Amino acid sequence: MSIKKILLNLDLYLGCCILIVLVIVAVATVISRYIISSPFMWSEEVQVLCFTWISFLGAGVAFRHGAHVSIEMLVDLIPFKIRRYIELVIALFVSVLLCYVGYLSIVYVNQSILLEKTTTILKIPDYLYCLSVPVGCLFMIVSNTVIAVTKFLTQTEAAAE
């Protein structure tokens, strides 16, 4: 596997690794609770951290594969030459919105670092949870922009219909 492929799918590979950790912790928790009758008190904190990261990393993967829900009924009624530009404007709007959300999340991460808030049992810093949002936004922005520009430059009227 090439380094280029790994970098292009970094969010996917990180998400898969985190999913493996999540599954291992969940199975271990079930075993400890029902077989040993002594549940791991820390497992919820790890599972929530994993779910948070998987959600935002997965959003970047979804952008790259066009897997987000969209309603294209109205856009499909517009003539192709105009539709291309409308889709580009929509992609730009989405990227700007993601930049804003990313900015706000960075502010929140900074506040979390300053407050030194941690989880109750494992003392996991709160900013590790919060950091998933700007990282996910970055992956979504890159994927959205690359796909929108590529689609705009390569799509022909015959392929669109």
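Contact here means heavy atoms within 4.5 Å. With that in mind, select leucine 22, which touches Gln47, Cys50, Phe51 and Ile54 when residues up to four places away in sequence are not counted. The model is predicted, so local features need pLDDT of at least 70 and side-chain atom pairs count only at pLDDT 80 or more, while totals for chains, interfaces and linings use all residues. Residues are numbered from 1 along each chain as its sequence is written, and side-chain values use heavy atoms, with hydrogens and water left out.

Next, select Ile18, Leu22, Val25, Val46, Leu49, Cys50, Trp53, Leu57, Ile124, Tyr129 and Phe139, the 11 residues of the largest nonpolar core (buried Ala, Val, Leu, Ile, Met, Phe, Trp, Tyr and Cys residues joined through side-chain atoms within 4.5 Å, where buried is under 20% relative accessible area, exposed over 50% and partly exposed in between, with a 1.4 Å probe and protein chains only). Helices α2 (10–34) and α3 (43–65) each supply at least two residues of this core, and α3 gives the most, with 5 residues; helices are DSSP runs of H or I, at least four residues, numbered from the N terminus.

Stay on helix α2 and select valine 21, which counts as partly exposed because its relative accessibility is 39%. From valine 21 to valine 46 the C-alpha to C-alpha distance is 8.8 Å, although the two are 25 residues apart in sequence.

Finally, display helix α5 (residues 80–115) with helix α7 (residues 132–154), whose axes, lines fitted to C-alpha atoms over the stretch in contact, come within 9 Å and cross at roughly 165 degrees. That makes α5 roughly antiparallel to α7, a term for angles over 145 degrees.

How values were computed:
Axes are lines fitted to C-alpha atoms, for helices over the stretch in contact, and angles run from 0 to 180 degrees between N-to-C directions. Angles under 35 degrees count as roughly parallel, over 145 as roughly antiparallel, 65 to 115 as roughly perpendicular and the rest as oblique.
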